[in-house]
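Please look through the structure shown here, with attention to its aromatic rings, its loops and the packing of its helices.

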Amino acid sequence: MSTQKETHRIVLVALGIALVAITTLLIRIPNGLQGYVNVGDAVIFIFAALVDPIDTLLIGGIGSAIADVAGGYAYYAIFTLIIKGIEGYVASRLYKQWNKGWFAFIIAALCMIGGYIIADSIVNQSIWLGLASVAGNLVQGGASVIIAIALEPAIKRAAIKRFSF
């Protein structure tokens, strides 16, 4: 890979990490338990359409974990790093494989929901409290899928035109 392309890739990943962290921190609605609903997943899904699965893993995991630490939820950061990283990887991998964004994003959101059932059960030491997080995560995942489906085509066209992906 040429130095220019590698530099472009690194900058794009850094931009994705920053946008996920900022979006997660700025647009959040408390869910009544310990956490909040956000639309950072929509940014992860949009980047899943633009970059490869490993880069999307980094964008989702690191960006979301930074938001947890900066937003007062540091005890979730390691779970978030893993869960959102997997979500990004799955979204990008399936998007590239099937070229059906909506389906890839739904499957990735379901992975996120399953991951947080486990994480919330561990953090709260109760499977019931883990299951209680499903409603908020369904709203978060569903809203993010809808936002990403609506914005992804225009963003992808603009990115291809400007950056020659």
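**Rings, loops and a helix pair**

Tyrosine 75 counts as partly exposed because its relative accessibility is 43%, where partly exposed lies between buried, under 20% relative accessible area, and exposed, over 50% (1.4 Å probe, protein chains only). The model is a predicted one, in which local features need pLDDT of at least 70 and side-chain atom pairs count only at pLDDT 80 or more, while totals for chains, interfaces and linings use all residues. Residues are numbered from 1 along each chain as its sequence is written, and side-chain values use heavy atoms, with hydrogens and water left out.

A search of the whole structure finds eight aromatic pairs, a pair being rings of Phe, Tyr or Trp (its six-membered ring) with centres within 6.5 Å. The rings of tyrosine 73 and tyrosine 75 have centres 6.2 Å apart and planes at 50°, so this pair is tilted, given that planes under 30 degrees apart count as stacked, over 60 as edge-to-face and the rest as tilted. Tyrosine 73 is buried, with a relative accessible area of 18%. One aromatic cluster is formed by Tyr73, Tyr75, Tyr76, Phe79 and Tyr116.

Glycine 71 sits in the loop between α3 (53-70) and α4 (77-98), the helices being DSSP runs (H or I, at least four residues) numbered from the N terminus. At 17% relative accessibility, glycine 71 is buried, and glycine 71 touches Leu25 and Arg28, not counting residues up to four places away in sequence, where contact means heavy atoms within 4.5 Å. Glycine 71 and alanine 21 are 50 residues apart in sequence, yet their C-alpha atoms are 9.6 Å apart in space.

Another loop, between α5 (101-124) and α6 (127-132), holds glutamine 125. Although glutamine 125 is not a glycine, it has a positive phi of about 55°, and with a relative accessible area of 73% glutamine 125 is exposed.

Helix α1 (residues 3-26) packs against helix α2 (residues 40-50) at an angle of about 160°, with the axes 8 Å apart. The contact is made by Leu12, Leu15, Gly16, Leu19, Val20, Thr23 and Thr24 of α1 together with Gly40, Val43, Ile44 and Phe47 of α2.

How values were computed
Axes fitted to C-alpha atoms, helices over the stretch in contact; angles between N-to-C directions. Helix = DSSP H or I, 4+ residues; strand = E, 2+ residues; numbered from the N terminus.
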